[in-house]
Amino acid sequence: MLVGILAAVFAALLPAGIASAEGESVRGTLQTSRSGPIAGIEVTVTDSSGDEVDSVETDDDGRFDIPLPDGAGQYTVSIDAESLPDGVTLGPQGAERTVTVDTGRQQPVNFGLQDGSSGGGGSTIRAVQLLVDGLRFGLIIAVCAVGLSLIFGTTGLTNFAHGELVTIGAIVAWYVNVQGGVPLIAATLIAMVVGAGVGALNELALWRPLRRRGTGLVAALVVSIGLSLLLRYAIQIVYGGFSNPYAEYQSQRAVDYGVFTLTNRALATIVIAVVVLVLVALMLQRTKIGKAMRAVSDNRDLAASSGIDVNRVILVVWMMGGALAALGGVLLGLSDQVQWDMGFRLLLLMFAGVTLGGLGTAYGALVGSVIIGVFVQMSTLVIPDDTKYVGGLLLLIVILVIRPQGILGSRARIG
Amino acid sequence: MSDLIDALLIGVKSGLGFQAIFFALLAIGINVHFGYTGLLNFGQIAFAMLGGFGIAISVSQWGLPFWVGVLVGIAAAVVLALLLGLPTLRLRADYLAIVTIATAEGLRLLFRSVSATPVTNGTRGLSAFNQSFIALAPWDTQTRYRILGTSWSGGELWVAVVGWVLVALSCLLVWALMRSPWGRVLKAIREDEDAVRALGKNVYNYKMQALVLGAVFGALGGMVYAVGTGSAIPDQYQNANTFLAYAALILGGAARVLGPVVGSIILLFILQFADTFLRALISNGVIPDALLSSTDVAQIRFVLVGIGLMLLLVFRPQGIFGDRREVMLDAR
C-alpha cells in the first residue's frame with residue numbers, strides 16, 4: 001500500500017518537473033522503496049485496436065515517457081513482469097493498465113509494484129514506521145519553528161511570513177545545488193547564510209522601523225501577511241510552479257532496521273535536526289546571548305533595564321531564525337521536493353506546533369512540533385493520506401479548548 | 001492606446017461584476033469582525049466556501065431547491081462560526097487568527113480530498129446548480145447587452161444586479177446595527193475589552209454574535225461567487241482570497257460602512273486593469289518575454305496586493321475613508 005502510494009506520487013510529480021514534450025504521452029516511474037528505481041524494464045503501449053504504438057525500456061531512474069503520435073484516446077500500457085528484479089512483484093492489478101489520455105495531457109501511469117517491505121507486516125510494524133516518519137517530519141517542523149517562536153517571544157510579532165523563510169532557504173539551496181553544481185551540503189550552508197541575511201534584512205529594513213513608529217501588533221501581523229503574499233508569489237514567478245528534487249541523494253534505497261525502513265537521507269535528516277536542536281538548546285541555556293534571548297522573551301522592559309541591548313538580541317534572533325528556517329527548508333525539500341509554496345503549507349503546522357508547545361517559548365516549540373509531526377503521520381493509520389494535515393489542524397483547535405497556554409506556556413501570556 | 005482603453009473597460013467591468021460583489025461581501029463580514037469588534041478572522045474564505053458549497057451540494061447532489069441551498073449554506077457558516085468562536089474568543093486575538101487560517105486551509109484540503117469526492121466531487125468540484133436562479137431573470141439571459149462600452153451576458157447582469165442589491169442591504173444592516181446600542185458595545189470591546197467587562201457586559205457573547213454575523217456575510221459572498229462562476233471548486237477558495245478581502249477593507253477604510261464596498265470596487269478594478277494591460281504589453285512586445293511572460297501575470301496581482309497591503313498598513317492604516325484613531329489596534 002505504502003509503496004503504491006509512493007510510486008503514484010513519483011509518477012505524478014516527476015513529469016511536472018521535467019515538463020518537456022508537447023502533446024500527449026504516457027509516463028511514470030518504476031520503483032519500490034527497497035529496490036530503488038528499476039532500470040531496463042520493457043514498457044509497451046498499444047492503442048485501443050490492439051496495435052503496438054511504441055515500446056521502450058525504463059532509464060536509470062526507472063522512468064519511462066512514451067509519446068503518443070495519434071493523440072488522445074484509450075491506450076493499454078504493459079510492463080514485462082518477467083524481467084523485474086528478485087523480490088519485486090506486481091501489485092494486485094497485474095502488469096497491464098488501461099488509461100484514457102485527454103488532449104494535451106501527459107498521463108501518469110502507476111503500476112503499484114510491491115517489494116514486501118510494508119503492508120504485509122501488520123499494523124504494529126506500520127505504526128512503528130509511521131512513528132519514525134512522523135519523528136522526522138516533526139523534527140523538521142521544530143527546526144523551522146524555533147525561530148518563529150523566539151521572534152514571537154522577543155517582539156510579540158506573529159510572523160505569517162516565516163514560511164517564506166523556509167521556502168527561500170530550500171530554493172536558494174536548489175539553485176546553488178542544481179544550477180550551480182555545488183554539493184548539497186555546501187549549498188545548504190550557503191542557504192543558511194542567505195537565510196540569516198534575509199532574517200536580518202527583515203528586522204533591519206522592516207520590523208525595527210515599524211517598532212520605532214509604534215505600529216500596533218495587529219497592524220504588524222497584517223503587514224507580515226502582505227510580506228508573505230509578496231514573497232510567495234514573487235518566488236513563484238522566479239522559480240515557477242514546479243516541484244524539483246535536489247541533484248543528490250535522490251535514488252536511495254531504504255535500509256531495513258527490523259521494524260522499520262529508512263533511507264539514509266531520512267536518517268541524516270533526523271540526526272542533523274537533533275544535533276542542531278541540541279545546539280540551539282545549549283546556546284539558549286549556556287551562552288550569554290542565549291540567556292539574553294530568554295530574558296527578553298520573559299520581560300522585555302526588565303531585560304532592557306538590566307543592561308541588555310534588546311535590539312541587538314532581536315537581530316540575532318531573526319538571523320538565527322532565518323538560518324534555521326533555511327536548514328529546515330532544505331531538509332523538507334530533501335524528502336518532499338522543492339516547491340514555491342512549501343513553506344506556507346508548513347507554516348500552519350508550525351503554528352500548530354508552536355501553539356501546542358506554548359507561544360513564545362523555545363522549548364515549547366520543539367516539543368509541540370515533534371508531537372504535531374508524529375500525530376500527522378500516525379493519523380494516516382485511521383484517516384486517508386490526503387486529509388492528514390486536517391488532523392493536525394484539528395488537534396490545534398482541541399488543544400486551544402483544553403490547554404490554551406500550551407504544554408510549556410504560562411497562563412499569564414494568553415490574556 | 002486602444003489597448004489602454006480596452007484594459008480600462010475590462011477593469012471597470014470587473015469592478016462592477018460578481019467578483020467585486022464577492023470581495024465586497026467578504027470584506028463587509030471582515031469589517032464586522034476586524035473593523036468594529038477587533039476580531040482577527042483570517043479564515044473568512046472558509047465561510048464563503050461553505051456558502052458556495054451549501055448551494056452546490058444541496059442542489060446538484062441532494063436535488064433540493066435553490067433557496068433551500070441558500071439556507072443550508074448560511075446554516076453551515078453559522079455552525080462553523082460557533083465552533084471556531086467557542087474555544088478562541090476567550091483568548092488573545094492572535095489565537096483566533098491562527099485557528100481561523102488553519103481551519104480555512106484544512107476545510108479546503110478536506111473538500112478536495114479523495115474521501116470527500118462523493119459529496120464535493122473532489123478537485124473537479126460541482127457545477128450546474130444555478131439554472132433555477134438564472135431563470136428568474138426578468139430579461140433574456142442568452143443575449144449580450146452593452147453597458148458603458150462593456151459587454152455583459154444576461155446571466156452575468158442578473159447575478160450582478162441581485163448581488164449589488166444584496167451588498168446594499170448588507171450595508172444598510174451594518175449601518176443600522178452599528179448605530180444601535182449593540183454596535184456601540186462592539187466598538188467599545190474593540191477599544192477596551194476590560195472596561196466593557198467592568199460595565200457588566202458579557203464580552204464573550206457579543207464577540208460570538210459579531211463572529212456569526214460576519215460569517216453569514218462571508219457565506220453570502222461565497223454564494224454570489226459560486227452562482228456567478230456557475231461552479232463550486234475547492235481550489236477557488238484559496239486562503240489568498242481572505243487577504244485580498246482584507247486589502248479591500250483596509251484600502252476603503254475599516255470601521256466604515258461603505259469602506260469595504262468602495263475598497264472592493266477599486267481593488268478589483270486595479271487588479272483586472274493591471275492584469276489586462278500587462279498581458280497586452282507583453283503580447284505587443286513592449287515588455288520583453290524574458291523579463292515577464294504572460295503566465296507570470298496571474299502571480300503579479302498577488303505581489304501587488306502584498307506590497308499594497310504593507311504600504312497601506314504602514315503609511316495610511318485608515319485607508320480612504322477611515323478614522324486613524326479607530327484603527328490603531330493592538331493585540332494585547
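Which order do the four strands of the open sheet in chain A follow? Hi everyone, let's start there. The order is β5-β4-β7-β8, and the pairing is antiparallel. At the edges sit β5 (52–57) and β8 (96–101) of chain A, each of which pairs on one side only. From one strand to the next, the twist averages 20°. Angles here run from 0 to 180 degrees between N-to-C directions, with axes as lines fitted to C-alpha atoms, for helices over the stretch in contact.

Before going on, some housekeeping. This is a predicted model: local features need pLDDT of at least 70, side-chain atom pairs count only at pLDDT 80 or more, and totals for chains, interfaces and linings use all residues. Residues are numbered from 1 along each chain as its sequence is written, while chains are lettered from A and ligands numbered from 1 in the order in which they are written. Helices (H or I, at least four residues) and strands (E, at least two) are DSSP runs, numbered from the N terminus, and two strands pair if DSSP finds at least two bridges between them.

Back to the sheet. Strands β4 (residues 42–47) and β7 (residues 73–79) of chain A run antiparallel and are joined by five bridges. For A:V45, the bridge partner in β7(A) is A:V77.

Now the whole of chain A. An automatic or database domain assignment supplies the bounds: domain 1 covers 2–108 and domain 2 covers 122–414. Their C-alpha centres lie 37 Å apart. An unreviewed UniProt entry lists residues 134–153 and 388–408 of chain A among its "transmembrane region" spans; such annotations may be inferred rather than shown by experiment, feature names are shortened, and positions follow the numbering used here. Residues 134–153 of chain A are 100% helix, with end C-alpha atoms 27 Å apart. Residues 388–408 of chain A are 71% helix and 0% strand, and the ends are 25 Å apart.

On to chain B, with 14 helices and four strands. Its radius of gyration (over C-alpha atoms) is 20 Å, close to the 20 Å from the globule rule (2.2 Å times the number of residues to the power 0.38) for 332 residues, so chain B is as compact as a globular protein of that length.

Finally, where do the chains meet? The contact (C-beta atoms, placed from the backbone, within 7 Å) takes 41 residues from chain B and 36 residues from chain A. On the chain B side, the elements giving two or more residues are α4 (66–88), α5 (93–111), α12 (240–252) and α14 (297–315). The most come from α5(B), with 13 residues.

Note on methods
Two residues are in contact if their C-beta atoms, placed from the backbone, lie within 7 Å.
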